[in-house]
Amino acid sequence: FPFNLPGPEFLGVFFSLGLFLMFANLIFLHRIRFSSTTDHARSFFNAPYLLAYLAQGQNHCLAVCAFNLVDRGILTTPGDHLITASTRSGQQLTHPLERAIVRYASPGPAQLFKANKNALVKAALAEIKNSLHSLGLIHRQVLLAPSTLICVVLLLGIGMTKITIALQHGHHNIGLLIVLMVIFMLVFLFTQGPRLTSSGKKTL
């Protein structure tokens, strides 16, 4: 069992097992990512870019930084989503993201939301993201979490074993099983769980 079951019955068992593992994995990912509830709100009073990245990701972080620099007269906005460095851009900037964006906008009008393709801006955003990881506010996104990998290996093992047995007995009606395997693999591949941890939500 279950490899001695006829095709339709095996498909039913395989489908049920896939659904069970999918929901069990989601519950596990939520629990492990919401296991800590530390409130870091006070540490964000003087860290607007950390808070912006935490709230809505890198594009929001870029927008907040650009708005701050425009408000201080360091950047100007010649058009929608365009930024360019002003004559005051030579003043000392302390935050790496601010320095990176000003250098990115120095040659002339540049698209704000394409700034993340610039090496300096990308490095500054990565530093902010790593800080949030270190504080336990956002979860590191990996291709396959350990629990997801276990589910994938289990389903693949069962499916491939059944396919091997079927072929050995001269049965070739394995198309639906292969389709189910591919669907479940794609579901598990894109199952990442929530971006924010419990601490991240509490901080916001």
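At 0% relative accessibility, Cys65 counts as buried, a label given to residues under 20% relative accessible area, with exposed meaning over 50% and partly exposed in between (1.4 Å probe, protein chains only). Cys61 is likewise buried, its relative accessible area being 0%. The model is a predicted one, in which local features need pLDDT of at least 70 and side-chain atom pairs count only at pLDDT 80 or more, while totals for chains, interfaces and linings use all residues. Residues are numbered from 1 along each chain as its sequence is written, and side-chain values use heavy atoms, with hydrogens and water left out.

A disulfide is a covalent bond between the sulfur atoms of two cysteines; here the criterion is a pair of cysteine sulfur atoms within 2.5 Å. The structure holds 0 disulfides. Cys61 takes part in none, and its nearest cysteine sulfur, in Cys65, lies 6.7 Å away. Seen from Cys65, the closest cysteine sulfur is that of Cys61, and 6.7 Å is too far for a bond.

Turning to the overall fold, the protein chain contains 8 helices and 3 strands, taken as DSSP runs (helices H or I, at least four residues; strands E, at least two) and numbered from the N terminus. Their order from the N terminus is α-α-α-β-β-α-β-α-α-α-α. Of the 204 residues in the protein chain, 39% are buried. Contact means heavy atoms within 4.5 Å; among contacts between residues at least 6 apart in sequence, 70% join residues at least 24 apart.

Helix 4 (residues 96-105) and helix 5 (residues 119-134) make a helix pair whose axes come within 8 Å and cross at roughly 160 degrees. Axes are lines fitted to C-alpha atoms, for helices over the stretch in contact, with angles running from 0 to 180 degrees between N-to-C directions. Helix 4 is therefore roughly antiparallel to helix 5, a term for angles over 145 degrees. The crossing is left-handed, that is, the near helix is turned anticlockwise from the far one by less than a right angle. Helix 4 contributes Pro96, Leu97, Ala100, Ile101, Arg103 and Tyr104 to the contact, and helix 5 contributes Leu120, Val121, Ala124, Leu125, Glu127 and Ile128.

Asn116 sits in the loop between strand 3 (110-111) and helix 5. With 17% relative accessibility, Asn116 counts as buried. Beyond its neighbours within four places in sequence, Asn116 contacts Gln58, Asn59, Leu62, Val121, Lys122 and Leu125.

Terms used:
Parallel < 35°, antiparallel > 145°, perpendicular 65-115°, else oblique.
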